Number of protein chains: 2
Amino acid sequence: MQKYSFVYDIKTKVYFGAEQMIHLGEEVANYGNKVLFLYDGDYIKKNGIYDLVIDASRKYNFEIVEFTSIKPNPRHTDVQAGVDLCKKEHCNVILAVGGGSTIDSAKVISSCALLDAPVWDVVIGKVPTQGSLPLLTISTISATGSEMNTGGVISNLDTKDKQSLRRPSQRPRVTFLNPEYTFTVPKYQTACGTVDILCHAIETYFSDDEPMMLTDTFLEGLIRTVVHYGPIAYKDPQNEEARANLMWSAPWAINDFLRYDKRKTWSMHPFEHELSAFFDITHGLGLAILMPRYLRHVIDEKSLPRFRNLGIYAFDLDRNLEDQEIAEKVIKKIENLCYETFGLESHLSNLGITEEHFEEIAEKLATDHGFYTAGYRKMSKDELIELFNECL
Amino acid sequence: MQKYSFVYDIKTKVYFGAEQMIHLGEEVANYGNKVLFLYDGDYIKKNGIYDLVIDASRKYNFEIVEFTSIKPNPRHTDVQAGVDLCKKEHCNVILAVGGGSTIDSAKVISSCALLDAPVWDVVIGKVPTQGSLPLLTISTISATGSEMNTGGVISNLDTKDKQSLRRPSQRPRVTFLNPEYTFTVPKYQTACGTVDILCHAIETYFSDDEPMMLTDTFLEGLIRTVVHYGPIAYKDPQNEEARANLMWSAPWAINDFLRYDKRKTWSMHPFEHELSAFFDITHGLGLAILMPRYLRHVIDEKSLPRFRNLGIYAFDLDRNLEDQEIAEKVIKKIENLCYETFGLESHLSNLGITEEHFEEIAEKLATDHGFYTAGYRKMSKDELIELFNECL
């Protein structure tokens with residue numbers, strides 16, 4: 001395949017800022033008149049979103065069917081309930097309000113609502129999709145970037161599987177990003193969300209391709225922005241500048257634009273998905289524990305020039321330092337951000353996790369999902385177990 | 001108006017790379033069956049584009065009406081001829097192959113073809129637009145970024161006016177960017193195109209707003225990329241890496257994304273448009289002469305922190321330097337790029353231009369287009385004349 005070859009096609013329309021929320025009703029009505037309305041908690045009745053949706057439905061004459069059963073690390077059974085409701089009520093458009101779990105679930109519902117098949121069969125690719133219902137979103141946390149991309153990740157607790165369904169037709173048609181809605185995001189979620197954005201960018205940055213300098217520089221800038229504003233939003237939750245920058249960074253870290261020239265599979269996310277499928281931990285927390293250890297594992301001749309640029313342009317390190325020193329300082333800065341500034345747990349053992357399932361998880365990554373280990377650096381099953389043990 | 005408030009809506013689908021050209025026929029056929037086919041020179045019969053279009057028209061059954069009258073700094077009379085032909089032949093889709101002049105003209109044609117009014121009346125806003133015919137483009141030079149944005153600039157030589165018509169409906173639906181098509185761009189055009197991209201980014205960067213750090217970092221990265229690869233493409237025209245990076249930088253420098261949080265009018269482009277409306281010089285060359293002088297004029301307390309970041313992140317300057325020194329070095333680096341590396345002319349007088357019309361031009365900028373002088377720093381008529389004299 002040719003080196004510089006891709007199709008850019010990101011059609012999500014984004015309304016950014018509080019005053020843009022007035023466009024909600026007209027946009028929903030552009031796509032349908034019966035709305036499956038997903039949201040993930042009563043906080044949207046306090047911050048005005050719920051009333052906004054209800055008012056819009058009256059003004060623009062669309063019906064609303066509420067669905068509120070989605071939990072973090074969303075289960076395929078809850079998503080199935082959403083599909084069943086959507087079909088029963090003949091909804092023709094979906095509005096998802098919340099974070100990644102809600103929007104991811106809404107995407108899978110948007111595809112499965114057009115099929116006669118169990119959700120999990122669709123997610124694992126046994127049943128092909130045939131388009132999706134149009135999806136609009138209102139994001140209430142800066143984290144997964146699901147509000148502008150094509151993928152939805154859901155879990156099967158029976159089989160301890162966490163799988164993603166990616167379809168271009170699932171990309172939200174319209175997304176509302178109002179930084180003020182994130183003023184009330186608790187510190188822990190602000191921390192985990194920031195780590196998630198950071199990890200999306202770093203996974204993409206450490207790609208085993210020959211990437212374009214342009215997209216590399218954008219990734220470095222995005223990381224610099226997130227590392228700068230994450231701590232500010234953490235300490236001062238109503239800081240509009242910080243919340244706005246995090247909110248606009250989240251989708252661009254993972255909406256495909258910066259990844260078109262980087263085709264290789266990610267590493268840390270698949271590892272973390274397996275961990276959280278087994279232990280049901282917060283995604284961002286799992287990443288915070290994994291990321292520094294993983295990065296130490298991949299320091300080598302090939303990665304050092306990437307660490308150097310990351311250090312200089314994203315972490316403001318002195319360009320006169322040696323490559324190895326830069327790599328170590330970058331990792332140290334990530335550790336400081338996660339464990340000191342954000343006070344996140346740094347060891348899996350403190351979450352009650354033991355090495356008991358590591359063999360099984362590594363086996364799964366190395367065989368069932370062989371491609372998962374073909375990210376930036378292919379890891380053997382033994383090295384994976386070693387990495388997980390370092391996380392304990 | 002709220003600080004962080006904008007609508008992101010950039011729906012151009014981009015096929016990037018030589019192997020993506022196979023999608024041309026199906027994409028044209030998606031939008032119509034009778035194509036106004038604009039191109040700007042017989043070079044497209046040598047590099048394969050012409051045959052590709054003809055073959056696609058046979059395979060996908062669309063008719064082609066050729067139009068080849070567009071020249072650099074396109075005249076409203078030529079654009080009018082395009083509109084007349086488009087209407088007479090009942091074309092329902094436009095394919096523009098070439099650089100900014102061709103694509104800009106195609107945009108104005110796409111709007112005017114739906115109206116019963118002279119082109120210039122539409123351009124100056126006397127007659128409102130009512131949508132546009134769908135436009136597809138194949139870019140053959142990395143410069144104006146017209147291939148992914150909404151604006152078309154055309155000139156009226158009678159009134160010595162250069163005006164832009166910007167309409168969301170004019171944004172190309174599909175754009176093909178094949179770096180190989182730019183391998184044969186002559187050195188002079190490569191230089192002028194690179195200066196144009198650089199200037200788009202710098203104009204946007206020096207905006208009198210409180211911009212978002214995220215988009216600032218992207219602009220810095222884009223400038224670093226362009227400053228790095230411009231000289232490589234200039235010396236080694238078939239360097240794919242350089243051509244690909246320039247080709248992907250061009251649209252992002254001006255497709256609105258990095259400008260949504262920066263609402264103020266540009267400065268150098270309006271100045272240069274007036275200059276080239278009077279003297280018909282190459283746009284990129286005019287910018288190369290203006291840019292360093294303009295930047296020296298705007299060094300002040302407010303701009304120094306911006307020069308600092310630009311110096312560190314885009315021009316790899318030492319962060320220990322004083323702000324003033326960084327600003328001067330940034331400007332010196334731009335001068336070196338334009339006049340030494342690219343060997344572009346550095347004085348208007350060497351192009352046969354005298355101060356004769358400066359009073360008139362400055363008057364026009366300061367009165368007719370008063371807003372033109374409300375860019376990064378408002379300039380009086382006297383300061384404008386001083387600036388133009390420094391360019392002599």
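This is a predicted model: local features need pLDDT of at least 70, side-chain atom pairs count only at pLDDT 80 or more; totals for chains, interfaces and linings use all residues.

Biologist: How many bridges join β3(A) to strand β5 of chain A, and in which sense do they run?

Modeller: Five bridges join β3(A) to β5 (residues 93–98) of chain A, and the two run parallel. There, A:Phe37 is partnered by A:Leu95 of β5(A).

Biologist: How many of the residues of β3(A) are buried?

Modeller: Five of its six residues are buried, so β3(A) is largely enclosed by the rest of the structure.

Biologist: In what order do the strands of that sheet come?

Modeller: It is an open sheet of seven strands, in the order β4(A)-β3(A)-β5(A)-β6(A)-β9(A)-β2(A)-β1(B), with mixed pairing. The edges are taken by β4 of chain A and β1 of chain B; each has a single partner strand, so one side of each is left without a neighbour in the sheet. On average, neighbouring strands are turned by 15° against each other, direction ignored.

Biologist: How do β5(A) and β6(A) pair? And which helix packs on the sheet?

Modeller: β5(A) and β6(A) pair in the parallel sense over five bridges, and A:Leu95 stands opposite A:Leu136 in β6(A). The helix is α5 (residues 100–112) of chain A, which touches β3, β5 and β6 of chain A. The direction of α5 makes about 165° with that of β5(A).

Biologist: The strand from chain B interests me. Which strand of chain A is joined to β1 of chain B?

Modeller: That is β2(A): three bridges join it to β1 (residues 6–8) of chain B, and the two run antiparallel. A:Tyr15 has B:Val7 in β1(B) as its bridge partner.

Biologist: And where does β1 of chain A stand?

Modeller: It belongs to another seven-stranded open sheet with mixed pairing, ordered β1(A)-β2(B)-β9(B)-β6(B)-β5(B)-β3(B)-β4(B). In that sheet β1 (6–8) of chain A and β4 (63–67) of chain B are at the edges with a single partner strand each, so one side of each lacks a neighbour in the sheet.

Biologist: Turning to the chain contact, how many residues are in contact?

Modeller: 34 residues of chain A are in contact with 34 residues of chain B. On the side of chain A, the elements that give two or more residues are β1, β2 (13–16), α8 (213–235) and α9 (240–252). The largest share, ten residues, comes from α8(A). By class, that side of chain A has 17 nonpolar, ten polar and seven charged residues.

Biologist: How is chain A divided into domains?

Modeller: Chain A has domain 1 (13–181) and domain 2 (186–391), whose C-alpha centres lie 27 Å apart. The contact takes 17 residues from domain 1 and 25 residues from domain 2. On the domain 1 side, β7 (151–156) and β8 (161–166) of chain A are the elements that give two or more residues. That side has seven nonpolar, six polar and four charged residues.

Biologist: Finally, which residues have the most contacts inside the largest nonpolar core?

Modeller: They are A:Ile94 and B:Ile94, in a core of 246 residues. Beyond its neighbours within four places in sequence, B:Ile94 is in contact with residues including B:Leu36, B:Ala106 and B:Leu133. In soluble globular proteins, nonpolar side chains tend to be buried together.

Notes:
Residues are numbered from 1 along each chain as its sequence is written. Chains are lettered from A and ligands numbered from 1 in the order in which they are written. A nonpolar core is a set of buried Ala, Val, Leu, Ile, Met, Phe, Trp, Tyr and Cys residues joined through C-beta atoms within 7 Å. A residue is buried if 20 or more other C-beta atoms lie within 10 Å of its own, exposed if 12 or fewer, and partly exposed in between; C-beta atoms are placed from the backbone. Two residues are in contact if their C-beta atoms, placed from the backbone, lie within 7 Å. Two strands pair if DSSP finds at least two bridges between them. Helices (H or I, at least four residues) and strands (E, at least two) are DSSP runs, numbered from the N terminus. Domain bounds come from an automatic or database domain assignment. Ala, Val, Leu, Ile, Met, Phe, Trp, Tyr, Cys and Pro count as nonpolar, Asp, Glu, Lys and Arg as charged, and the others, Gly among them, as polar. Axes are lines fitted to C-alpha atoms, for helices over the stretch in contact, and angles run from 0 to 180 degrees between N-to-C directions.
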